[in-house]
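User: I am new to this structure and would like to be guided through it by questions and answers. Please begin with the overall picture and then turn to one helix.

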Amino acid sequence: MSSQPEPLPMIGREPHAAPANGGEPVAVAPAAEQSNPIRDAIAEAINEHKVILFMKGTPEAPACGFSARTVAMLQSLDAPFAAVDVLPDPRIRQELSAISNWPTIPQLFVDGELLGGCDIVTEMYESGELAQALL
């Protein structure tokens, strides 16, 4: 298995039929009266990828130490993962936090569920829980 992340554009994506999390879509809070394409794209990306990391920068060029550490842990486990850079558009981070109820970046999702940020992922990595969660 390759640990090369799959880059994801966040806007203008086509729907995908089968979510990676066993068919359970991520719950997205209803929008007031109009659709929210960024929130919809985030929820779709979470549902489509078994492992997805929302981070600052890219896996090849992380823009913060916490994102770099999280990428390094995933790569050391040879875990394939998709990655989304939250920096190009501040709305991505805002909508992601609204979906996950988690304020900090990075955020790691596995099977449609938020595992946590860098500190929680580090604890899981050190205890062996992260490797198990990625199976």
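This is a predicted model: local features need pLDDT of at least 70, side-chain atom pairs count only at pLDDT 80 or more; totals for chains, interfaces and linings use all residues.

User: What share of the residues of the protein counts as buried?

Analyst: A residue is taken as buried when its relative accessible area is under 20%. The protein has 135 residues, and the share that counts as buried is 43%.

User: In what order do the elements of the protein run from the N terminus?

Analyst: The secondary structure consists of five helices and five strands. Read from the N terminus on, their order is β-α-β-α-β-α-β-β-α-α.

User: Why are the buried residues of α4 on the same side of the helix?

Analyst: Helix α4 covers residues 118–127, and its buried residues include C118, V121, T122 and M124. Because these residues cover an arc of only 165° around the axis, they lie on the same side of α4. As a general point, an α-helix has 3.6 residues a turn, so residues three or four places apart point the same way. The other side of α4 carries the exposed residues D119, E123 and E126.

User: Which elements are included in what covers the buried residues of α4?

Analyst: Both helices and strands take part in this cover. The helices include α2 (65–76) and α5 (129–133), and the strands include β4 (107–110) and β5 (113–116).

Methods:
Residues are numbered from 1 along each chain as its sequence is written. Side-chain values use heavy atoms; hydrogens and water are left out. Helices (H or I, at least four residues) and strands (E, at least two) are DSSP runs, numbered from the N terminus. Buried means under 20% relative accessible area, exposed over 50%, partly exposed in between (1.4 Å probe, protein chains only). The arc is that of the directions from the helix axis to the C-beta atoms. Contact means heavy atoms within 4.5 Å.
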